[in-house]
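Dear colleague,

I am passing on a structure for you to look over, and below it I have set out what turned up when I went through it. Please read the notes with the model open beside them.

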Amino acid sequence: MDRLDNTIRPYAWGSTTAIPRLLGTEPTGEPQAEMWMGAHPGAPSRTDRGALDEVIDADPEKELGIDSVAKFGPRLPFLLKLLAAGAPLSLQVHPDLTQAKEGYADEERRGVPRNAPHRNYKDANHKPELICALTEFDGLCGFRDPLAAAALLDGLGVDSLKPYVDLLHAHPEEAALREVLTAVLTADPEAMARTVRDAAAACDRLGGAYAPYADIAHHYPGDPGVIAAMLLNHVRLQPGEALFLGAGVPHAYLNGLGVEIMANSDNVLRCGLTPKHVDVPELLRIVRFEATDPGVLRPEAGPDGEEVYETPIDEFRLSRYVLPEGGATHDLTLTNPQILLCTAGTVRAGEHQLTPGSSVFVPAGEETEVSGTGTLFRATVVA
């Protein structure tokens with residue numbers, strides 16, 4: 001197995017302290033938003049054998065296993081991250097696999113440069129994801145019931161929000177959510193900025209259920225995404241709890257540290273809370289306009305102490321081991337590739353001693369035993 005040397009991405013929304021605190025390093029004063037573990041070409045992990053994407057390319061069946069290559073092709077199908085949000089991320093959705101293939105082919109056919117700021121589809125893959133909280137973790141996930149969203153907006157007492165409140169009362173669920181989101185994102189920018197400022201002032205004054213939106217507005221003053229965010233469920237995860245985010249579900253992470261795993265894709269369509277391009281027509285084609293329960297996940301006990309976060313996705317499978325002092329050695333050998341990440345304590349994986357934030361890549365079929373005292377996350381595939 002290979003110890004991984006991982007890149008930390010300094011996105012502006014990142015916490016300046018959360019990842020350094022986990023790693024036991026001094027903060028630099030700069031945001032440290034994500035630590036990537038995997039073979040994504042944008043920032044592949046490094047090993048003693050070279051960059052992980054190059055190691056896999058040299059012999060995919062040896063590194064990934066015959067079953068994984070047959071099902072997903074000659075690439076690691078997931079990307080594992082530590083994610084540390086110090087400010088809200090953009091409000092966004094991801095396409096399903098068919099939409100991603102069609103969108104990518106269309107932009108390729110039209111000659112849209114892959115690095116163009118208005119390009120939506122960087123690849124032909126979908127991007128389902130799972131976030132598991134290591135600290136208290138706040139996010140937005142899926143639409144509220146339209147009547148609940150109407151009550152939240154109406155409670156602000158902002159006259160310019162009344163038309164949206166009326167729309168949410170007047171239509172069936174799908175039409176109501178579609179019409180309101182469309183109206184918010186296509187409104188006159190100056191008028192919407194005034195509405196957002198008025199709504200933000202009311203959120204500040206009222207607090208309680210409005211507090212998350214006051215904070216969002218503080219980071220993104222005048223952004224229509226502040227109103228769009230109020231259409232969504234606010235969720236606060238406790239450590240060990242998780243959210244699964246499937247295709248078409250609008251979401252945003254607000255604050256906290258977590259372990260994130262996703263299919264290996266960069267496809268994002270933004271709804272707001274960002275200076276980046278918002279393609280409203282394409283966004284409206286992708287969004288699933290239905291009220292949903294966020295569905296907080298808790299790990300399900302499996303054999304030999306493994307706790308599994310069950311999802312309907314085969315490209316990744318996330319689980320954890322909470323290893324007590326003096327506990328048994330666990331055999332984690334699989335015929336599929338794995339990344340093991342320590343988030344607490346000290347864990348022995350093969351010949352490697354892992355401390356918080358350290359990780360290893362385990363090629364398919366390699367004998368793998370772990371022991372020690374701490375918490376270990378295991379990322380693999382279902383093949």
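**A buried threonine, the pockets and one annotation**

Thr-195 counts as buried, because its relative accessibility is 7%, under the 20% limit used for that class. Please keep in mind that this is a predicted model. Thr-195 belongs to helix α9, which runs over residues 189-206, and, once its neighbours within four places in sequence are set aside, it is in contact with Ser-160 and Leu-161.

Turning to the pockets, the largest has a volume of about 970 Å³, and of the 43 residues that line it, Tyr-11, Trp-13, Val-268, Arg-270 and Lys-276 are the closest to its centre. At least two lining residues come from each of the strands β3 (34-37), β6 (78-85), β12 (251-263) and β13 (269-272), with β12 giving the largest share, five residues. By class, the lining of this largest pocket holds 19 nonpolar, 11 polar and 13 charged residues.

As for annotation, an unreviewed UniProt entry places the feature "domain: Phosphomannose isomerase type I catalytic" at residues 3-144. In the model, that span is 27% helix and 25% strand, and its end C-alpha atoms lie 43 Å apart.

With best wishes

Technical notes: Residues are numbered from 1 along each chain as its sequence is written. This is a predicted model: local features need pLDDT of at least 70, side-chain atom pairs count only at pLDDT 80 or more; totals for chains, interfaces and linings use all residues. Side-chain values use heavy atoms; hydrogens and water are left out. UniProt positions are given in the numbering used here, feature names are shortened, and annotations may be inferred rather than shown by experiment. Helices (H or I, at least four residues) and strands (E, at least two) are DSSP runs, numbered from the N terminus. Buried means under 20% relative accessible area, exposed over 50%, partly exposed in between (1.4 Å probe, protein chains only). Contact means heavy atoms within 4.5 Å. On a 1 Å grid over the protein atoms alone, a cavity is a set of points where a 1.4 Å probe fits but cannot get out, and a pocket is an open set with protein on both sides within 12 Å along at least five of seven lines; lining residues have an atom within 4 Å of a point. Grid points are joined across faces, edges and corners, and a volume is the space filled by probe spheres set on the points. Ala, Val, Leu, Ile, Met, Phe, Trp, Tyr, Cys and Pro count as nonpolar, Asp, Glu, Lys and Arg as charged, and the others, Gly among them, as polar.
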